[in-house]
Amino acid sequence: MRRFPFLAYLGPGLLYAGAAVGVSHLVQSTRAGAVYGYGLLFVVLFANLIKYPFFVVGTRYTIITGKSLLDGYEALGRLPIWIFFLISVGTMCIIVATVTLVTSGLFSNLLGISMEPWLLCAIILIFCFLLLAIGKFEALDGLMKWIVVLLTVSTVVAMILSFYAGIPKLETPGKTFSISDLGDVAFLIALMGWMPIPIEAAVWQSDWTLAKKTPDGKLPPMKYAMIDFNIGYIGTTLLAVCFLALGANMMYNTGAEFSSQAVSFASELVRLYTSAIGSWSYPIILIAAFFTMFSTTLTCFDAYPRVVSNASRRLFKPLEKIPTEKLYWYWIILVGVGSILILLFFRTNMKSLVDFATTVSFLNAPVLALIHHLILFGKEIPREERPKPWMNLLSWFGILFLFGFSIYYINITFF
């Protein structure tokens, strides 16, 4: 430990990785490879690059100021807090429903059971509720380290072996991406929407960093906090590439397609791994994939009520009288019930729900990106603590791109 002192500060970055490596990776990145081959590899790398400044602010702001990123929102005025609150409340049930639906497909395969998707999702969310009630942050923090390691090893091994799998390809050329094709652009938006994770997750990262305070109230040194964040961020980027490569090597131009139903999709996803590694690995991969998606569900189920309760206390004076812990549980019950109702009354088509949720997140991204830029380079951050000029340029480029491409998508879709 003395040789690697940063190991003592690992945690928030791995929680971020556990939240990020879910739908955006197992579903969207793998679908991207299966449908377009390596045609969207640059998009995956590009999306992670341009969004980096909008996530790193969660760690940098908290370490420098000792406050939650929502304090940075509030320092800009009430409007940014309202924007964050409305975006989070408007999407949290959809996002939790989406990740839980994918988790339920893997869970159904794991146990070999057949059950209504909404009911299985309800069971998973109730278990998450109990785990958070009993274990709190410590259980979440400890569980994630093992899950991330298991998934990473399994995916990297499967990806390497997939290059030697010798999967037969069709003689006709495979599908290529076209910027003028509305269906291709819609998928691109969906892919980038949660790549690597919705931008509001920077607030989660901030709160997780605060939760790592020592008993005497000290936060990790900036050096080690950034190592922790970068391990999580760069690691999830590389894993996204691995998932895309797995889909491209095992499914692209083979005539095979992913199912839109969660249970069938989960089975097909695990089959990609076992085709590359061997049938003996089926239970190992299925368990790793399930716990990966379960970790995403658990993390989102914890994070949204945590940050929304924080934001709501700042906006509504009567809520200040309610203890923070109690308000958190009110919101977590609301998120759980709302997510189950979405699955019960609206959609259980996994593909449609995933694409809808990720598209909404992409269209929200430019506004949150601008707010995070203003915080990262704002007056609360001393000039000597601000990122290098290249980060400023990258941040502005990302903002302009996200606004520009959102406008382009809206234009070709509705006009």
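Predicted model: local features only at pLDDT ≥ 70, side-chain atom pairs only at ≥ 80, totals over all residues.
Reader: Which is the crossing of α5 and α10, right-handed or left-handed?
Author: Residues are numbered from 1 along each chain as its sequence is written, and side-chain values use heavy atoms, with hydrogens and water left out. Helices are DSSP runs of H or I with at least four residues (strands are runs of E with at least two), numbered from the N terminus. A crossing is left-handed if the near helix is turned anticlockwise from the far one by less than a right angle, and right-handed if clockwise; for α5 and α10 it's right-handed.

Reader: How are α5 and α10 set relative to each other, parallel or perpendicular?
Author: Their axes (lines fitted to C-alpha atoms, for helices over the stretch in contact, with angles from 0 to 180 degrees between N-to-C directions) come within 8 Å and cross at roughly 65°. Angles under 35 degrees count as roughly parallel, over 145 as roughly antiparallel, 65 to 115 as roughly perpendicular, and the rest as oblique. That's why α5 and α10 count as roughly perpendicular.

Reader: How many charged residues are in the contact of α5 with α10?
Author: A contact here means heavy atoms within 4.5 Å. On the α5 side you'll find Leu101, Gly105, Leu106, Ser108 and Asn109, meeting Ala262, Val263, Ala266, Ser267 and Val270 of α10. Sort them by class (Ala, Val, Leu, Ile, Met, Phe, Trp, Tyr, Cys and Pro are nonpolar; Asp, Glu, Lys and Arg are charged; the others, Gly among them, are polar). You get 6 nonpolar and 4 polar residues, and the number of charged ones is none.

Reader: What word describes how α5 and α12 lie to each other?
Author: The axes of α5 (residues 78-111) and α12 (residues 324-345) come within 8 Å and cross at roughly 60°. α5 passes α12 in a right-handed crossing. With that angle, α5 and α12 are therefore oblique.

Reader: How many nonpolar residues are in the contact of α5 with α12?
Author: Several residues of α5, including Phe85, Met92 and Leu101, meet residues of α12, among them Trp331, Gly338 and Leu343. No charged residues take part; 2 are polar, and the nonpolar ones number 13.

Reader: And how many charged residues are in the contact of α11 with α12?
Author: α11 (residues 282-315) and α12 have axes that come within 8 Å and cross at roughly 125°, which means they're oblique. α11 brings Asp302, Arg306 and Arg313, among others, to meet residues of α12 such as Thr324 and Tyr328. The tally is 8 nonpolar, 4 polar and, for charged residues, 3.

Reader: How many residues of α2 are buried?
Author: Buried means under 20% relative accessible area, exposed over 50%, and partly exposed in between (1.4 Å probe, protein chains only). α2 (residues 23-36) is largely enclosed by the rest of the structure, because the buried share of its 14 residues is 13.

Reader: Which residue forms a cis peptide bond with Pro196?
Author: Pro196 sits in the loop between α7 (182-193) and α8 (201-211). Omega of its cis bond is about 5°, and the partner is Met195.

Reader: Is Asn253 buried or exposed?
Author: Look in the loop between α9 (222-250) and α10. Asn253 has a positive phi near 60° there, though it isn't a glycine. Its relative accessibility is 17%, so it counts as buried.

Reader: Which backbone oxygen does the side chain of Thr100 reach?
Author: Thr100 belongs to α5 and is buried, with a relative accessible area of 0%. Leaving aside neighbours within four places in sequence, Thr100 contacts Cys121, Ile124, Leu125 and Thr297. At 2.5 Å, its side chain reaches the backbone oxygen of Val96.

Reader: Which side chain does a polar contact join to Trp396?
Author: Trp396 is in α14 (residues 389-414) and, at 38% relative accessibility, counts as partly exposed. Not counting residues up to four places away, Trp396 touches Leu370 and His373. A polar contact is a pair of N or O atoms within 3.5 Å (within protein, one must be able to donate a hydrogen and the other to accept it, and residues adjacent in sequence count only if both atoms are side-chain atoms). At 3.1 Å, the partner is His373.
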